[in-house]
Every structure is written in C-alpha cells, then in structure tokens.
Amino acid sequence: MTAFCAQISRDVAEPLPGTGGHPGSNLLLSWPSGRWSKTFNQARDMTTGEVDAIVALAEAGRRLNLIDRKTQSSTTHRAYLMPESRAFDVPRSGLIGFLCALHSGQSLAAWEVPVVPDSVVLCCTHGKKDRCCAKFGNASYKALTAAAETRPEAIEIWQSTHLGGCRLATSILVFPQARKYGRVDADLADAFLEAEVQDRPFLPCYRGDRLLTPAQQVAEVAVREQLSQQNVWPEALALESDIDLDGGRKKIILHWQSGTDHGQFGALLTPHSVRRFGTCAAMDDDEEPIVHDTWQVVSVMSEDQLIDLLPH
C-alpha cells in the first residue's frame with residue numbers, strides 16, 4: 001500500500017502555524033505542467049540560456065515558480081512579479097530578453113499588460129517533486145478552479161511547482177498578500193475562496209505571516225482565532241514583544257487594529273515537537289522520521305492577564 005508523507009503529518013498532528021515562511025521577491029512564470037522537471041524553477045524543455053537566466057535571478061534573491069492553467073497559451077508565457085502585482089505576456093522567443101531585463105533592472109514595459117487579477121492563487125500540483133502534491137494538489141486545484149468560476153471577483157487559480165512543505169499538501173500561496181496555506185482539501189475550496197475575497201486569512205489552513213518567526217506565526221494564528229470568535233478580523237496585526245521565559249517558553253504580544261478598534265493580545269507558548277517525514281521519497285528510502293521542533297499554545301489572553309500571570 002502506497003504511503004503519503006502528508007497523511008503521516010496529519011496523523012501525528014503536526015501543526016500548520018509556524019510554517020508560513022516564503023521569500024519576499026517572486027516571479028511566477030507560466031509553463032506547461034507536463035514539461036516541468038523535479039526542480040521547481042526549471043522545465044525539461046528550457047534552453048541552456050533560459051536556465052542560466054533563471055539561475056541568475058535566483059542568485060540575486062528572486063524566487064521563481066512555474067505555473068500553469070488550461071486557458072494559458074503554450075507559446076506565450078504569462079509572468080507575474082509578486083507582491084508588486086505586475087503582469088507580463090512574453091513570447092517564447094523573447095523570454096531570455098525579459099529575464100535578463102528583469103535581472104539588470106531595465107524597463108519591462110514592452111511586455112507589461114495593464115490588467116492584473118485581484119488575487120493569484122497558486123496550488124501546488126508538483127507531482128514530480130512529491131506524490132502528495134499530485135494526489136492532494138490536483139484534486140484541490142480542480143475544486144478551486146470550479147469554485148472560482150462561480151464567483152464575480154477577479155481570481156485566477158494556477159497550478160504551481162513546489163511551494164514548500166510537501167507533507168502539508170495541499171499547499172497554497174495567495175498573492176499579492178503572500179498568504180501561505182496547508183491541507184486545503186478539495187471540499188474546502190468554497191470556504192477558502194470566500195475568506196480570501198474578503199481579504200481574510202482562511203484560519204483552518206493558515207500557516208502564518210511570512211515576515212514573522214515560526215513562534216510568532218503560531219502566536220499570530222492563535223490571536224487571530226481568538227479575535228474571530230468575537231467577529232473581529234484585523235486589517236493589521238503587528239508584533240509588540242517576543243519574550244523568552246523559563247523552561248524554553250515564550251510570551252508573545254501582538255497589537256491588532258480593525259477599523260478604529262484596536263487592542264492587544266498575548267500568547268503563551270511552550271516548545272513542542274513531532275516526528276514526521278519531510279517527503280514521500282524519505283519514506284521510500286527507509287529514512288528515519290525527522291524530529292520537527294515547533295510550538296504549542298498554552299493560552300491566549302489580554303496583555304494585562306499575561307503580565308499578572310507571569311513575572312518579568
């Protein structure tokens with residue numbers, strides 16, 4: 001019987017919060033998914049010049065993911081710079097010129113198009129990287145595509161190469177907000193898009209703000225869940241303090257703002273670990289499970305309550 005690392009991650013209750021990290025500078029480049037290689041930023045039919053240009057961008061700090069969808073031309077590449085929300089249509093014959101212009105900071109006006117969707121939703125279906133992304137990712141991609149077609153908002157759903165965290169399939173990344181998700185199963189597609197069109201993180205699958213540390217992401221998600229129970233959906237959530245306590249614990253305070261309302265919540269965290277596999281290949285090679293260190297929320301309360309409870 002075939003085993004899946006994503007199922008084992010669920011079985012050991014590996015938390016999603018704390019895994020939301022992602023590079024800040026992104027290029028999304030359409031390429032037919034049947035030609036993707038195992039490497040997330042390369043395809044089997046790329047020329048040496050195209051690969052060299054992509055490697056140069058990567059070395060300069062630009063993350064490149066290949067994307068695809070049924071309506072995309074196989075001869076013209078759609079490219080997005082995110083989170084800048086800039087879109088481009090690039091013929092295959094001009095691809096190296098576009099990549100080199102981007103790398104050198106030259107004008108991209110010759111390829112730029114004026115219409116950019118409100119949201120670009122990437123759904124990892126990179127089966128050549130990990131079979132979980134094929135099994136779970138393809139089902140979610142189809143469900144998200146069908147759900148988006150019934151909505152009036154300008155939402156584009158794309159298949160994507162590896163987004164990080166194969167064991168958390170289905171992995172999803174939403175731009176320009178750069179919100180990262182895991183375990184977005186097909187039956188969650190409608191609820192997921194409903195939250196996103198309201199510019200709200202879909203909390204059941206949210207992995208945390210990419211700009212925060214893993215511990216801070218765990219606190220962020222816990223605070224957002226607490227606020228959601230009061231029907232408060234903050235437009236801004238900022239780190240106030242991150243304090244180390246005895247026993248390896250942490251006290252993390254976050255300031256939230258929703259319209260004219262604002263306040264603070266704190267989260268008390270304790271170290272936690274699970275044993276899981278990073279990929280299906282690791283299981284196939286009879287490797288031992290990896291000990292994954294994370295954080296567990298002990299309590300979420302107002303800052304005053306935390307100050308009263310714990311010594312400085």
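I started with Cys166, which counts as buried because its relative accessibility is 3%. The model is predicted, so I treat every value here as computed.

I looked for a disulfide at Cys166 and found none; the nearest cysteine sulfur belongs to Cys133, 4.1 Å away. A disulfide needs the two sulfur atoms within 2.5 Å. I then went to Cys5. Its relative accessibility is 0%, so Cys5 counts as buried. Cys5 is in no disulfide either, with the sulfur of Cys132 as the nearest one at 3.7 Å. By this rule the count is zero disulfides.

**The nine-stranded sheet.** I traced the strand order as S5-S4-S3-S1-S2-S7-S6-S8-S9. The sheet is open and its pairing is mixed. S5 and S9 (179-181) are the edge strands, each pairing on one side only. I checked S6 against S8 (residues 172-175): they pair in the antiparallel sense over four bridges. Leu122 stands opposite Leu173 in S8. Next I looked at what lies over this region. Helix H4 (residues 131-149) lies across S2, S6, S7 (155-160) and S8. H4 runs at about 165 degrees to S7.

**Asp118.** I found this residue in the loop between S5 (112-113) and S6 (119-124). Asp118 counts as exposed, because its relative accessibility is 51%. I set aside its neighbours within four places in sequence and listed what is left: Asp118 is in contact with Ala154, Phe175 and Pro176. I also checked its distance to Ile155. The two C-alpha atoms are separated by 6.0 Å, although the residues are 37 apart along the chain.

Most residues other than glycine have a negative phi, and most peptide bonds are trans. I went looking for exceptions.

- Phe175 and Pro176 are joined by a cis peptide bond, with omega about 10 degrees. Pro176 sits in the loop between S8 and S9.
- Ala178 lies in the loop between S8 and S9. Its phi is positive, near 60 degrees. Ala178 counts as buried because its relative accessibility is 13%.
- The peptide bond from Ala169 to Thr170 is cis, with omega near 5 degrees. Thr170 is in the loop between S7 and S8.
- Ala13 has a positive phi near 60 degrees. I place Ala13 in the loop between helix H1 (5-11) and S1. Ala13 is exposed, because its relative accessible area is 53%.

**Cores.** Which residues have the most contacts inside the largest nonpolar core? I noted Leu27, Trp31, Leu66, Phe88, Phe98, Leu99 and Leu108, in a core of 23 residues. The elements giving two or more residues to this core are S1 (26-30), H2 (48-59), S2 (63-68), S3 (76-82), S4 (86-91) and H3 (95-104). H3 gives the largest share, five residues.

**Helix H6.** I checked the length of H6 (residues 214-228). At 1.5 Å a residue, its 15 residues should span 21 Å, and its end C-alpha atoms are 21 Å apart, so the two agree. Is H6 mostly covered or mostly open? I found it mostly covered, with 11 of its 15 residues buried. The buried ones include Ala215, Val218, Ala219, Val221, Ala222, Val223 and Leu227. Gln216, Gln217, Glu220 and Arg224 are buried as well. What covers the buried residues of H6 includes S10, S11, S12 and S13.

**The four-stranded sheet.** Those strands took me to an open sheet with the order S10-S11-S12-S13 and antiparallel pairing. The edge strands are S10 (236-244) and S13 (290-302), each pairing on one side only. Neighbouring strands are turned by 30 degrees against each other on average, direction ignored. I then went through two of the pairings.

- S10 and S11 (residues 250-258) pair over eight bridges in the antiparallel sense. Ile243 stands opposite Lys251 in S11. Their hairpin has five residues between the strands, and Gly247 in it takes a positive phi near 70 degrees.
- S12 (residues 261-276) and S13 pair over 12 bridges, also antiparallel. Arg275 stands opposite Val291 in S13.

Conventions
Residues are numbered from 1 along each chain as its sequence is written. This is a predicted model: local features need pLDDT of at least 70, side-chain atom pairs count only at pLDDT 80 or more; totals for chains, interfaces and linings use all residues. Side-chain values use heavy atoms; hydrogens and water are left out. Two strands pair if DSSP finds at least two bridges between them. Axes are lines fitted to C-alpha atoms, for helices over the stretch in contact, and angles run from 0 to 180 degrees between N-to-C directions. A nonpolar core is a set of buried Ala, Val, Leu, Ile, Met, Phe, Trp, Tyr and Cys residues joined through side-chain atoms within 4.5 Å. Buried means under 20% relative accessible area, exposed over 50%, partly exposed in between (1.4 Å probe, protein chains only). The expected span of a helix is 1.5 Å times one less than its number of residues. Contact means heavy atoms within 4.5 Å.
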